[in-house]
Each structure stands twice: as structure tokens, then as C-alpha cells.
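Keep the structure open while reading.

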Amino acid sequence: MLDYDVIIIGAGVVGLACAAKLSERHSVLVLERHSSFGQETSSRNSEVIHAGIYYLPGSLKAKLCVAGKEMLYDWCQNHNVNFKRLGKFIVAHDENEIRKLEKLAQNALKNGVNDLEMMNSEHFKEIEANVFAVAALWSPSTGIVDSHGLMKSLYNEAIKNSCDFAFHHEVMQIKKLAEGYAVVANCTGDSFEVSTKFVVNAAGLDADTIAARAGIDIQKSDYSLHYCKGHYFRLNHSKSGLIKHLIYPVPPEKHEGVGIHATIDLDGAVKFGPDIHYLDERKCDYNVTDELIEKFYKSVARYLPSLQLSDLSPDQSGIRPKLQPIGGDFRDFVICDEKDKNLPGFINLIGIESPGLTACLAIGKYVEKLLSPYSPE
Ligand SMILES: Cc1cc2nc3c(=O)[nH]c(=O)nc-3n(C[C@H](O)[C@H](O)[C@H](O)COP(=O)(O)OP(=O)(O)OC[C@H]3O[C@@H](n4cnc5c(N)ncnc54)[C@H](O)[C@@H]3O)c2cc1C
């Protein structure tokens, strides 16, 4: 007799969304190395509910973002999580960027995002008087969410469904049994072993480490993660009235990120970021130095010309778990049952960078579907 149906490794927003969903029908244990949920990437992001504009049509990123966005708005509404359907503009700086906006609009349409509107500079100026653009693409379904409130609601839902959580438990080993798996965790120096039918690896920045601990050759499978830091700078509070919606530049070609954008949080504070900074070492250094201020100023002043250097001060940072190496091509989320690697019911979630927050509920549903062949009605 196995202890649990499902063990989920990691209590970030994705692990929590999987826990809330899977605990509807299964006994579930979540193992998390920190003292609480959401201590890593899930609390270090832009808190934007993405529309699904940028991603390669047909990719999991595109499909799960578009589906997840609506699921997330509904969830927030029904679970009293703070959110705002604020809308965003992607702004073109010159004629060449207008063509890029048109391409983005076509891409979005292929992803099922059919509410975008191209605006000329006069129309745009009436809405965002302080932002420079020769044209702008309006996305009304983009929004912002209280990520901590969201995680709390997912945690509460899982608890309501009798899901167990073991904090301070770092997973060190996954052993395949004749049926299911034994998961070995380190709990403040003591070893703890528990058995399960299925494993969901939602370990974020260490999802590749967990895959390796289950015996997968991560080099051969192309699962190795690159740490890509994104810094933020905040705008002096007295200037927060400068923008009314989220403002994004045209993204860089390689889609390593969506450009240093302006987000407004639920309290009305404005922050700019994240930039793209691949780390040489896999270390979670969240420091934000003043030295980056010039780079941020130059980038933001392109669309916010009245900005002064002194309006900016260092804010938070986050680290993206990227499958895409520096300068490499688009990589999709890896979300799969590793049955072909002789690990049936071991579900890997690797490279869950943006739009992972937006897509979390759709990811939970997708994982449930991957497990459904094992539990016929
Ligand atoms: C700068 C930045 C901006 C972003 N902006 C947005 C945005 O605006 N909108 C959006 O949709 N997405 C955004 N994202 C992406 C989003 O934040 C992530 O996709 C999402 O938070 C991933 O959640 P997760 O649960 O997979 O990972 P995490 O939040 O990293 O959780 C993984 C958990 O696994 C635990 N863990 C790891 N190893 C072990 C182990 N061995 N044993 C036990 N526990 C372990 C960790 O402690 C952690 O708690 C952004 C990301 C970054 C970095």
C-alpha cells in the first residue's frame, strides 16, 4: 500500500495549482524545502496576467497562457483574490517597430487572442499623454494579480481537499519501485521516505536537478536549466500618475524576455523590469545594484521621455528557470509524463518561466489529464 497517490515537489504557484486540482480526486502530499509556500520565483515576478500575444502558436506556452488567463480571472473572482483587468499597450518607437507590432498582432490571433486593437499615435496620446509611441497595440485582456493572495487561495483549496504539506522537506532522491515511487527528503538533517503512485516535479529553478535525481539524463533530454536574472527598478511614488496602463516596448527578437516594461501593482506603484541577465553560476543572488540605473533609465526613457534618472530606485529581482540558452531559440515548457524513460506517472514540469503564473491553473488541469489514463473512472 503506497502512502499517497501523488507527491508534488515544490510549493510555488504551479505546485500549488497542481495540488489544488489533483487533491479533488487523489490523496496528495506536497514537499517543499522552505518554511512556507511561494518563497522563490512565484513571489519575484511582474504579477501580470498575460494575454498570450508573444508565444509560438501551438506551443504549450501559448495554449496554457490563453486558457489559463480566463481560468485565472474566474478563480480570482470566485476566491476573493485581488486582481485588475488593467489592459496593456505595446508601444512602437518608430516605423520599423510598427511592422513588428503588426506581426505580433498576427501571432496573437493565431494563439486565439482576438481582442487586440492597433492605435495611431493621436488616439494613444489621448489615453497615455506621457508615453511616447508612433503607434500602439492595445491588449484589453492583460491584467495584474496579487500573486501571494493567489497562492494563499490555492493552498487553502488544497487544504480543504485534505492535501498534506510538508515544509522544510528537501527532496534528495526518487527511487522507482515495482509500483510507484519512493521519495526521500531531508528534513532538518533527518531522512524521511514516503511512497507514492505518481510524482509531479514542480521544483522551478531545480526542476532539472529533481529530474536528474529520478535518474533522467538531463543533458541527453535537453532539460538543463539556465538561470536568467531579471532586475526591477521602481518609480518615485510622486510620479506614479505618469502611466495609466501597463506599458511594454516591442520585445527583443529572440524572446528571451518581453522587454523592460512598466507595471502598476494593485497599490498603484509603478515598477520597471525585468531586464535579461544570464547568470554564470546557479546561485540565487537577488541583489539589485544601483549600477544598473543608467541602463534602466535609457530603456524606459524611450517610451517615458519625462523620466529623470533620480526617479528610479532599485527594487526586487527574480530568476527565470530557462531552457533557452543565451542567444538560443524559443524553448517551450516541458510538461510530460516520463513513461518513455521508464518512469510512468512521473510528471516533469521544466522551464516553467513566464507565463507560468498566468498559466498555473491550466497547467494543473493539464497535469491532471496526463495522469488520467492511470485512474480509469
Ligand atoms: C522576473 C520574472 C518575471 C515574471 N513575470 C511573470 C508575469 O508577469 N506573469 C507570468 O505569468 N509569469 C511571470 N513569471 C514567471 C512565473 O513567476 C513563474 O513561471 C512561476 O512563478 C513558476 O512557478 P513554479 O511553482 O514553477 O516555481 P517556483 O515558484 O520557483 O516554485 C518552485 C518551488 O520548488 C521548491 N523546490 C525546489 N527544489 C526542491 C527540492 N529539492 N525539494 C523541495 N522543494 C523544492 C522551491 O523551494 C520552490 O518553492 C516571471 C518570472 C520571473 C523570474
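## Helix 2 against helix 8

In this predicted model, helix 2 meets helix 8 through Leu 64, Cys 65, Ala 67, Gly 68, Lys 69, Met 71, Leu 72 and Trp 75. Helix 8 answers with Thr 358, Ala 359, Cys 360, Leu 361, Ala 362, Ile 363 and Tyr 366. By class, the residues of this contact are twelve nonpolar, two polar and one charged.

Two packed helices are described by the angle between their axes and the distance between the axes. For helix 2 (residues 60-78) and helix 8, the angle is about 105° and the axes are 6 Å apart. Angles from 65 to 115 degrees count as roughly perpendicular, and helix 2 and helix 8 are therefore roughly perpendicular to each other.

## Helix 1 against helix 8

Helix 8 also packs with helix 1, at an angle of about 40° and with the axes 8 Å apart. That makes helix 1 oblique to helix 8. Their crossing is right-handed.

From helix 1, the contact uses Val 13, Val 14, Ala 17, Cys 18, Ala 20, Lys 21 and Leu 22. From helix 8 come Gly 356, Leu 357, Cys 360, Leu 361, Ile 363, Gly 364, Lys 365, Val 367 and Glu 368. The residues of this contact divide into eleven nonpolar, two polar and three charged.

## Helix 1 against helix 5

Helix 1 (residues 13-22) has a contact with helix 5 (residues 147-160) as well. Their axes come within 8 Å and cross at roughly 30°. Angles under 35 degrees count as roughly parallel, and helix 1 and helix 5 are therefore roughly parallel to each other. The crossing of helix 1 and helix 5 is left-handed.

Helix 1 contributes Val 13, Leu 16, Ala 17, Ala 19 and Ala 20 to this contact. Helix 5 contributes Ser 147, Leu 150, Met 151, Leu 154, Tyr 155, Glu 157 and Ala 158. Ten of the contact residues are nonpolar, one is polar and one is charged.

## Two domains

The chain is divided into domain 1 (4-44 + 148-224 + 330-374) and domain 2 (88-140 + 227-322). Their centres, taken over C-alpha atoms, are 31 Å apart. Nine residues from domain 1 and nine residues from domain 2 make the contact. On the side of domain 1 that touches domain 2, four residues are nonpolar, three polar and two charged.

## The ligand shell

Which residues come nearest to the ligand? Gly 10, Gly 12, Asn 45, Gly 204 and Gly 356 do, out of 41 residues around it. Elements giving two or more residues to this shell are helix 1, strand 10 (169-176), strand 18 (312-322) and helix 8 (356-371). The shell has 16 nonpolar, 16 polar and nine charged residues.

Where does the ligand lie relative to domain 1 and domain 2? Both domains give residues to the shell, so the ligand lies between them.

## Backbone exceptions

Most residues other than glycine have a negative phi, and most peptide bonds are trans. Asn 80 is not a glycine, but has a positive phi of about 55°. Asn 80 sits in the loop between helix 2 and strand 4 (83-84).

The peptide bond from Gly 273 to Pro 274 is cis, with omega near -10°. Pro 274 is in the loop between strand 16 (270-273) and strand 17 (277-278). The bond from Ser 354 to Pro 355 is also cis, with omega near 10°. Pro 355 belongs to the loop between strand 20 (346-350) and helix 8.

Key: Residues are numbered from 1 along each chain as its sequence is written. This is a predicted model: local features need pLDDT of at least 70, side-chain atom pairs count only at pLDDT 80 or more; totals for chains, interfaces and linings use all residues. Axes are lines fitted to C-alpha atoms, for helices over the stretch in contact, and angles run from 0 to 180 degrees between N-to-C directions. Helices (H or I, at least four residues) and strands (E, at least two) are DSSP runs, numbered from the N terminus. Angles under 35 degrees count as roughly parallel, over 145 as roughly antiparallel, 65 to 115 as roughly perpendicular and the rest as oblique. A crossing is left-handed if the near helix is turned anticlockwise from the far one by less than a right angle, and right-handed if clockwise. Two residues are in contact if their C-beta atoms, placed from the backbone, lie within 7 Å. Ala, Val, Leu, Ile, Met, Phe, Trp, Tyr, Cys and Pro count as nonpolar, Asp, Glu, Lys and Arg as charged, and the others, Gly among them, as polar. Domain bounds come from an automatic or database domain assignment. A residue is near a molecule or strand if its C-beta atom, placed from the backbone, lies within 6 Å of it.
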